[in-house]
Amino acid sequence: MADLKHLRALHEAILNMDLEGIGAIAQAAMDAGVEPQAAITDGMVPGMVEVGQKFEEGEFFLSELVVAGEVMKDGMKVIEPYLTVGAGSSDSKAKAIVATVEGDYHDIGKNIVVTLLGVQGFEAIDLGMDVPAAKIVEEVRIHRPAVLGLSALLSTTMARMGDVIEALKAAGLREGVKVIVGGTPVTPEYADSIGADHCALNAIEGVHKCTEWLIDLKEGK
């Protein structure tokens, strides 16, 4: 029940955009022995998901979405050191590159994915927002990731996902990486049409899929 109290407090801090209080709330959860991963996936992430839903329904505005994202970042600053304790060297980790495609400046969902990938044992490389296809392909060439995650929140920019996949093919890099796409307008049917390997229904489901791929990779499947 103590864990539930702290998880609820983290959830409410995100939902209420409590920039001043999130640091103390996150620290209290860590001091109480709440598992860091649970604090993120069962506390803050559901709060962020609810904020996103309210934004889509018109109850919240963009400014509130941005502030909630900052609250989550501040909470993560407190929790992340607890996640790294006992972690293995990054040299032994599978890599995942994540980017919001060119022309798109939304990054809250992407940021959640990057954080959760790190929790699940990936070395997550965040390329940021508005990333051209050529830049993504070059980073794939350099880092040789197991997974490439592409995000878009606008129907006008999601076509750039297909451009990235075509550019990977042209560079001879497509077969070596799993491509997962996500964002509000992106559907499984669209993902299939551009040759992606998976469409993430949300951040948590998408990371679960990446984890499945990682297990298959380790087992040589």
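A: Let's begin with helix 6 (residues 133–143) and helix 7 (residues 159–170), which pack at an angle of about 45° with their axes 9 Å apart. Helices here are DSSP runs of H or I with at least four residues, numbered from the N terminus. Axes are lines fitted to C-alpha atoms over the stretch in contact, and angles run from 0 to 180 degrees between N-to-C directions. The angle makes helix 6 oblique to helix 7; angles under 35 degrees count as roughly parallel, over 145 as roughly antiparallel, 65 to 115 as roughly perpendicular and the rest as oblique. Their crossing is right-handed, a term for a near helix turned clockwise from the far one by less than a right angle, with anticlockwise giving left-handed. Ala133, Ile136, Val137 and Val140 of helix 6 meet Asp163, Val164, Ala167 and Leu168 of helix 7, where contact means heavy atoms within 4.5 Å. By class, this contact of helix 6 with helix 7 has 7 nonpolar, no polar and 1 charged residues. Ala, Val, Leu, Ile, Met, Phe, Trp, Tyr, Cys and Pro count as nonpolar, Asp, Glu, Lys and Arg as charged, and the others, Gly among them, as polar.

A word on the background: this is a predicted model, in which local features need pLDDT of at least 70, side-chain atom pairs count only at pLDDT 80 or more, and totals for chains, interfaces and linings use all residues. Residues are numbered from 1 along each chain as its sequence is written, and side-chain values use heavy atoms, leaving out hydrogens and water.

Now try helix 1 (residues 2–15) and helix 2 (residues 22–31), with an angle of about 160° and axes 9 Å apart. These two are therefore roughly antiparallel to each other, and helix 1 passes helix 2 in a left-handed crossing. Here His6, Ala9, Leu10 and Ala13 of helix 1 touch Ile22, Ile25, Ala26, Ala28 and Ala29 of helix 2. That contact has 8 nonpolar, 1 polar and no charged residues.

Finally, helix 5 (residues 108–119) holds asparagine 111. Helix 5 packs with helix 9 (residues 203–218) at about 40°, their axes 9 Å apart. That makes helix 5 oblique to helix 9, and the crossing is right-handed. Ile112, Val113, Leu116 and Leu117 of helix 5 contact Ala203, Ile204, Val207 and Cys210 of helix 9. These residues divide into 8 nonpolar, no polar and no charged. As for asparagine 111, leaving aside neighbours within four places in sequence, this residue is in contact with Lys73 and Asp126.
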